[in-house]
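Before reading on, please look over the sequence and turn the structure slowly on your screen.

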Protein chains: 2
Amino acid sequence: MKAEIIAVGSELLLGQIVNSNAAFLSVELAQHGIDVFYHVVVGDNEERLTDVLNQASKRSDLVILTGGLGPTKDDLTKETVAEICGKDLVYHQQSLDAITSFFEKRGQVMTENNKKQALVIEDSHVLVNHNGMAPGMVLETDQCKFVLLPGPPKEMQPMVVSELRPLLEKDNVTQEKITSRVLRFFGIGESKLAAMIDDLLVNQTNPTIAPLASEGEVTLRLTVKHYDPNISIQLLDQVEKDILSRVGEYFYGYGETTLMEVLSKQLKKHKYYIAAAESLTGGLFSSALTSISGASEIFHGSIISYATKVKENHLGVPNKIIAENGVVSAECALEMAKAVKRKLQSDIGISFTGVAGPGTQDGKKPGEVYVGICGPNDEAAVHKLKLSGNREAIRQRTINYGCFYLLNELKRWNIE
Amino acid sequence: MKAEIIAVGSELLLGQIVNSNAAFLSVELAQHGIDVFYHVVVGDNEERLTDVLNQASKRSDLVILTGGLGPTKDDLTKETVAEICGKDLVYHQQSLDAITSFFEKRGQVMTENNKKQALVIEDSHVLVNHNGMAPGMVLETDQCKFVLLPGPPKEMQPMVVSELRPLLEKDNVTQEKITSRVLRFFGIGESKLAAMIDDLLVNQTNPTIAPLASEGEVTLRLTVKHYDPNISIQLLDQVEKDILSRVGEYFYGYGETTLMEVLSKQLKKHKYYIAAAESLTGGLFSSALTSISGASEIFHGSIISYATKVKENHLGVPNKIIAENGVVSAECALEMAKAVKRKLQSDIGISFTGVAGPGTQDGKKPGEVYVGICGPNDEAAVHKLKLSGNREAIRQRTINYGCFYLLNELKRWNIE
């Protein structure tokens, strides 16, 4: 079954709003094993809408429209669909009553154009709008099935869940369900990861494997189609096993999570308190850590030692270390991690020092960064990074690598 | 000139991401007087992409594509455009060098599929990618003009501003130029601001005045059309003067700036060093301050005193203050600001303490927040906030109010 989603509204073509309805509906359709091949946005223009509808009815089995069901003159979705299907518009009594009582309740006069919202295409199945005035419609034609939904997400989404979803489930002849699993990787580029699992990508059928790069991370979305959910899980497990046997060292989590969320969970699990000594990151790590609720179980505080004198006088990095190695050095990073752990009586100290740019510092280029880690038994680790990008990218990547390195240390500490 | 925006990527059709690129580009094109008639999303499928491109080249003069320029097998935008235009792909040396040095910097091996990103359509004008590897392209054909842009907004948006916008301005045949000026306001709601300038909004013609609310701020975009840039400036100045005579106290800056950028400039101007004592914000203020380059001129460091014992033992808030008032109090906020100023030998101390939620703290509800300020001559100010929203919204609004209050204090200190 081939589906197409058409959003009607000039405000979308002006960029005043983003077409989030298409994404919502695509996820819904995927759940029912329906492939979406096109999203289209067209303005409040009868001629162009007619063209788009004629094309859609030829190339798609299911055509879902959002928007253009309102009371004003430029709302012409149902009029145009009715026109190309040779249908009339008729009043839907239940909707008309709802609209009338809406205005009575508020003691307002119902204008004529509001009645227009109660008009539906003859022979269509009406989808009740529990959150607005314009009802939705499902119209079966010889060529395809049209679904008309209101534009406002607050009306459209609940209508899909309560009115459209039951129909989709009834129609789902194959009974094939789509199940997805997202694997998240860090510390490896999309192209390198793709190269390392190239044969799996080439031979993918069911499950399919879709790589996506974002924010210095790579995700693989595994999507399987099967009528038996247990077999779906088995197929996903097998492909995941094959993938992780190649690139497991870069894997850190499933689904919509972040490195910081995974780290936060691990720290809570091990009952570790962490403190940070932040130089180039200026509080970015601690801010991200405390953005997750329940941070007080794993975090007392941090010291932002931006200036050298704060590293020495306040944090307590030995003057000798800085004099001999400079502040942008592995030695300084290590001392910062040890010092902040001690000063704030925590189990783990982590430190970030380096050059965020745009200028150089002590002759070091932007992107030269050191991450220091001091563990519960004073296990010490320090990592050197060479990062590219602008100031913000370097700072963000620095804390991402910090989370990734610390997660690896946590594994090591708890194996040994 | 009729334009069409085509996004290429199966992740869009699966609803994994929303097509925000189309909205961004639509706004950009509207600024240049170009009408956008269609948005289309198509998957990583050569046959369907070919159909969409053929249709677009017939019905549109300008066809902008986003996505599908990456290194993997399913990236095939430029290949397909080249194919239907009967063009070859050739290596773009500058891009190839950039990609090569990207990997050399990291000491990583460049895989073959990365070279693919340096391939461009022959005879096309290359748009340099300053934030990623895949360059953009502009290809003029007899039928239409194709513009190929990368999919990630972090790469696409700056490429449009620095590379594509100048070309659009050159093409703009109507000599009437559009000039915009954005005024930024904080501490006032959109509806209240609109009410205070209602007559200006009603009578607006040229310039037009467009209010927009976002992130607890309100912006007014003034847009004027005129052949003579000097007259445009005069028209904008006059409307700005009228607006600020009503709501000037809430105005803080022009264009794409932030409260923190304005504060940073003011601190540099007055040669003040600032230190923060952050509790509920957990480093968010210091992180935002240091995200602006040159922070070392105004910032030595901060203390993130998340736990009470850090406020007492490390920061040095008198135990008596906390015992009598609790940590979520004006008294504690004031002592935190004084203490951090003293501890980090700065000119200004600012503090944030309160309840970020979701849970209550010491019987105080989420959103009860105190901002303390201690000035160069120990001028003391403390503000109580009642904020709504989730944990992140409360934390973000807290530092926005902190910047706004401190900006007002800076004015006062330097008048007196």
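## Cavities and a pocket

In this predicted model, the largest cavity holds about 120 Å³ of space, and the structure has three cavities of 30 Å³ or more. The largest cavity is lined by 17 residues, of which A:Asn19, A:Ala22, A:Val41, B:Asn19 and B:Val41 are the closest to its centre. Two or more lining residues come from each of α2 (20–31) and β2 (35–42) of chain A, and also from each of α2 (20–31) and β2 (35–42) of chain B. The element that gives the most to this lining is β2(B), with three residues.

The second largest pocket has a volume of about 1,600 Å³. Its lining is made of 40 residues, and those closest to its centre are B:Val27, B:Glu28, B:Gln31, B:Ser180 and B:Arg221. At least two lining residues of the second largest pocket are supplied by each of these elements of chain B: α2, α7 (153–171), β9 (177–186), β10 (208–214) and β11 (217–226).

## Helix α5 of chain B

Helix α5 of chain B runs over residues 93–106, which makes 14 residues, and the distance from its first C-alpha to its last is 20 Å, close to the 20 Å expected at 1.5 Å a residue. Its buried residues are B:Ser95, B:Leu96, B:Ile99 and B:Phe103. Viewed down the axis of α5(B), these buried residues lie within an arc of 105°, and therefore they line one face of the helix. An α-helix has 3.6 residues a turn, so residues three or four places apart point the same way.

On the face of α5(B) turned away from the buried side are the exposed residues B:Glu104 and B:Lys105. The buried residues of α5(B) are covered by parts of chain B that include β4 (89–91) and α6 (112–115). Just after α5(B) comes B:Gly107, which takes a positive phi of about 65°.

## Helix α10 of chain B

Helix α10 of chain B, at residues 229–247, has 19 residues that should span 27 Å at 1.5 Å a residue, and this agrees with its end C-alpha atoms, which are 27 Å apart. The buried residues of α10(B) are B:Ser232, B:Leu236, B:Val239, B:Glu240, B:Ile243 and B:Val247. Because they cover an arc of only 105° around the axis, they are on the same side of α10(B). The face of α10(B) turned away from its buried side carries B:Asn230, B:Gln234, B:Lys241 and B:Ser245, which are exposed.

B:Lys411, by contrast, is 407 residues from B:Glu4 in sequence and 49 Å from B:Glu4 in space, C-alpha to C-alpha.

## Domains of chain A

Chain A is divided into domain 1 (2–172), domain 2 (177–254) and domain 3 (259–413). Taken over C-alpha atoms, the centres of domain 1 and domain 2 of chain A are separated by 36 Å.

How values were computed: Residues are numbered from 1 along each chain as its sequence is written. Chains are lettered from A and ligands numbered from 1 in the order in which they are written. This is a predicted model: local features need pLDDT of at least 70, side-chain atom pairs count only at pLDDT 80 or more; totals for chains, interfaces and linings use all residues. Side-chain values use heavy atoms; hydrogens and water are left out. Helices (H or I, at least four residues) and strands (E, at least two) are DSSP runs, numbered from the N terminus. The expected span of a helix is 1.5 Å times one less than its number of residues. Buried means under 20% relative accessible area, exposed over 50%, partly exposed in between (1.4 Å probe, protein chains only). The arc is that of the directions from the helix axis to the C-beta atoms. Contact means heavy atoms within 4.5 Å. Domain bounds come from an automatic or database domain assignment. On a 1 Å grid over the protein atoms alone, a cavity is a set of points where a 1.4 Å probe fits but cannot get out, and a pocket is an open set with protein on both sides within 12 Å along at least five of seven lines; lining residues have an atom within 4 Å of a point. Grid points are joined across faces, edges and corners, and a volume is the space filled by probe spheres set on the points.
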